[in-house]
Each structure stands twice: as C-alpha cells, then as structure tokens.
Amino acid sequence: MKARVYVTYRTGILDPQGNAVARSLAALGFDDVTDVRIGKLIEIDLCVEDRTSAVRRLDEMCRRLLANPVIEEYRCEIVEGSAAATAAQSVPPGP
C-alpha cells in the first residue's frame with residue numbers, strides 16, 4: 001500500500017523559505033501571490049493488511065519522526081496501488 005505524508009509548518013509559524021519564494025515570485029512579476037508556505041512530501045510504501053492499520057502506522061511515524069509536533073502539522077493520504085506512479089507521471093517536465 002502506498003501512502004503520502006504532507007508535512008507543513010503550523011499556522012502562525014514563520015516560514016523563511018516560503019517568504020523567500022514569495023518575494024522572488026513578486027520580483028518576477030507574480031504580484032497576485034499573497035503567501036507561500038513550503039512543506040515536505042514523503043512517499044511511503046507500507047506492507048500492511050488494511051487501510052486502518054496503514055493510517056494507524058502512518059500517524060505513529062509522523063508523531064515519532066516525520067513531523068515536529070511543536071511547529072509542524074501533517075496530513076496522511078493512502079494512495080492505492082499504481083495511482084501514485086500515474087500521478088507522478090502526469091506532471092509535465094520543466095523547461
């Protein structure tokens with residue numbers, strides 16, 4: 001079973017990398033960008049019996065290692081079978 005974990009700073013926590021990207025976008029003429037938050041995407045392959053077990057294990061991984069609960073929040077998503085590979089391939093290559 002494939003899973004994705006999204007880790008981002010909690011609301012109200014300073015995101016210096018996000019601020020730098022927002023300033024750079026404004027300098028490039030993207031004046032409609034009002035805020036940028038940078039996070040992490042972690043893809044995990046799990047060998048578990050069912051979805052409930054997967055969610056429980058992912059939550060434990062996040063609490064113990066993947067996210068800092070003081071400044072970060074996380075969201076887990078179960079991606080069945082080859083859907084993760086298909087989604088990754090659907091993103092067009094950069095210039």
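## Close-up views of a predicted model

**View 1. Strand 1 pairs with strand 2.** Seven bridges hold strand 1 and strand 2 (residues 39–45) together, and the two run antiparallel. One spot to look at is Thr8, which sits opposite Gly39 of strand 2. Strands here are DSSP runs of E with at least two residues, helices are runs of H or I with at least four, and both are numbered from the N terminus. Two strands pair if DSSP finds at least two bridges between them. A quick note on the model: it is predicted, so local features need pLDDT of at least 70 and side-chain atom pairs count only at pLDDT 80 or more, while totals for chains, interfaces and linings use all residues. Residues are numbered from 1 along each chain as its sequence is written, and side-chain values use heavy atoms, with hydrogens and water left out.

**View 2. Strand 1 also pairs with strand 3.** Eight bridges join strand 1 to strand 3 (residues 72–79), and this pair is antiparallel too. Find Ala3, then look across to Ile78, its bridge partner in strand 3.

View 3. Arg4 belongs to strand 1 (residues 2–9). Is Arg4 buried or exposed? It counts as buried because its relative accessibility is 11%; buried means under 20% relative accessible area, exposed means over 50%, and partly exposed is in between (1.4 Å probe, protein chains only). The side chain of Arg4 makes a polar contact of 3.3 Å with the side chain of Glu43. A polar contact is a pair of N or O atoms within 3.5 Å; within protein, one must be able to donate a hydrogen and the other to accept it, and residues adjacent in sequence count only if both atoms are side-chain atoms.

View 4. Asp45 and Lys2 meet through their side chains in a salt bridge, at 2.9 Å from N to O. Asp45 is in strand 2 and Lys2 in strand 1, so this pair ties together parts that are 43 residues apart in sequence. A salt bridge is a side-chain nitrogen of Lys or Arg within 4 Å of a carboxyl oxygen of Asp or Glu. Asp45 is exposed, with 59% relative accessible area, whereas Lys2 is partly exposed at 27%.

View 5. Glu72 in strand 3 and Lys40 in strand 2 are 32 residues apart, so the pair links distant parts of the chain. Glu72 is buried, with 12% relative accessible area, but Lys40 counts as partly exposed at 40%.

**View 6. Side-chain pairs in helix 2.** Glu60 and Arg57 form a salt bridge (3.3 Å, N to O). Both lie in helix 2, three residues apart, which is about one turn of the helix. Asp59 is in helix 2 (residues 51–66) as well, and its side chain makes a polar contact of 2.9 Å with that of Arg63.

**View 7. Helix 1 and what follows.** Helix 1 (residues 16–27) has twelve residues and reaches 17 Å from its first C-alpha to its last, close to the expected 16 Å. That expected span is 1.5 Å times one less than the number of residues. After helix 1 comes Gly29, with a positive phi near 100°.
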